[in-house]
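These are my notebook entries on one protein chain.

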Amino acid sequence: MSSLFNVFDISGSAMSAQSVRLNTTASNLSNANSVSSSVDETYRSRQPVFAAEMSRAQNNMDNTENVGVKVLGIVESDKPLQVEFNPNHPMADKNGYIYKPNVNVMEEMANMISASRSYQTNIQIADAAKKMLSRTLRIGQGQ
């Protein structure tokens with residue numbers, strides 16, 4: 001019975017991780033069209049790093065301790081920035097170049113859809129576990 005309660009903890013950690021993923025995607029998309037006059041000030045795409053706690057799960061096979069998803073942090077992409085020669089732009093540097101973020105809008109949209117569906121799946125898992133617990137309690141009532 002306690003392992004069924006662990007489903008809520010696991011799906012909760014997964015929903016929290018997907019929420020972080022959605023937040024970083026929103027940040028990337030909102031800065032996709034920003035422009036800067038220097039490389040150092042230009043926004044860089046950010047991605048969350050998740051850790052599957054598989055080794056912890058394998059070590060606790062006899063123990064029913066919950067194992068969820070762990071967010072290790074958020075890293076900036078190493079992809080090169082987009083450099084554009086536009087001497088008439090107000091943000092152009094002394095050589096006439098402007099710098100745009102290394103955000104790929106199509107990848108970010110795919111990340112957003114994937115995170116949204118993962119979040120939705122974990123909600124369905126938690127709902128199924130809730131229904132199973134509810135039915136288990138009804139068995140005890142004799143109905």
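Entry 1, charged pairs. I found Asp127, Lys130 and Lys131 joined in a network of salt bridges. I counted a salt bridge where a side-chain nitrogen of Lys or Arg is within 4 Å of a carboxyl oxygen of Asp or Glu. The model is predicted, so I note that local features need pLDDT of at least 70, side-chain atom pairs count only at pLDDT 80 or more, and totals for chains, interfaces and linings use all residues. Residues are numbered from 1 along each chain as its sequence is written, and side-chain values use heavy atoms, with hydrogens and water left out.

Asp127 and Lys130 are about one helical turn apart because they sit three residues apart in helix H3. Helices (H or I, at least four residues) and strands (E, at least two) are DSSP runs, numbered from the N terminus. Asp127 is partly exposed at 30% relative accessibility; the class lies between buried, under 20% relative accessible area, and exposed, over 50% (1.4 Å probe, protein chains only).

The search of the whole structure gave five salt bridges. In one of them, Arg46 meets Glu76 at 3.3 Å, N to O. Arg46 belongs to strand S1 and Glu76 to strand S2 (residues 69-76), so this pair ties together parts 30 residues apart in sequence. I have Arg46 as partly exposed at 29% and Glu76 as partly exposed at 44%.

Lys79 and Glu107 form another salt bridge, with the closest N and O atoms 3.0 Å apart. That pair links distant parts of the chain, Lys79 being in the loop between S2 and S3 and Glu107 in helix H3, 28 residues apart.

I count three helices and four strands, in the order α-β-α-β-β-β-α from the N terminus. Of the 143 residues, 27% are buried. Among contacts (heavy atoms within 4.5 Å) with a separation of 6 or more, 66% are between residues 24 or more positions apart.

Ala17 is in helix H1 and is buried at 1% relative accessibility. Its C-alpha atom is 6.2 Å from that of Val71, 54 residues apart along the chain.

I then looked up Ser45, in the loop between helix H1 (2-30) and strand S1 (46-52). Ser45 is buried, with a relative accessible area of 4%. Beyond four places in sequence, its contacts include Asn28, Glu76 and Glu108.

I found one aromatic pair. Phe85 and Tyr97 are edge-to-face, 5.3 Å centre to centre with 65 degrees between the planes. For rings of Phe, Tyr and Trp (its six-membered ring), pairing needs centres within 6.5 Å; planes under 30 degrees apart count as stacked, over 60 as edge-to-face and the rest as tilted. Phe85 is in strand S3 (residues 82-85) and Tyr97 in strand S4 (residues 97-100), so the pair ties together parts 12 residues apart in sequence. Phe85 is exposed at 52%, whereas Tyr97 is partly exposed at 34%.
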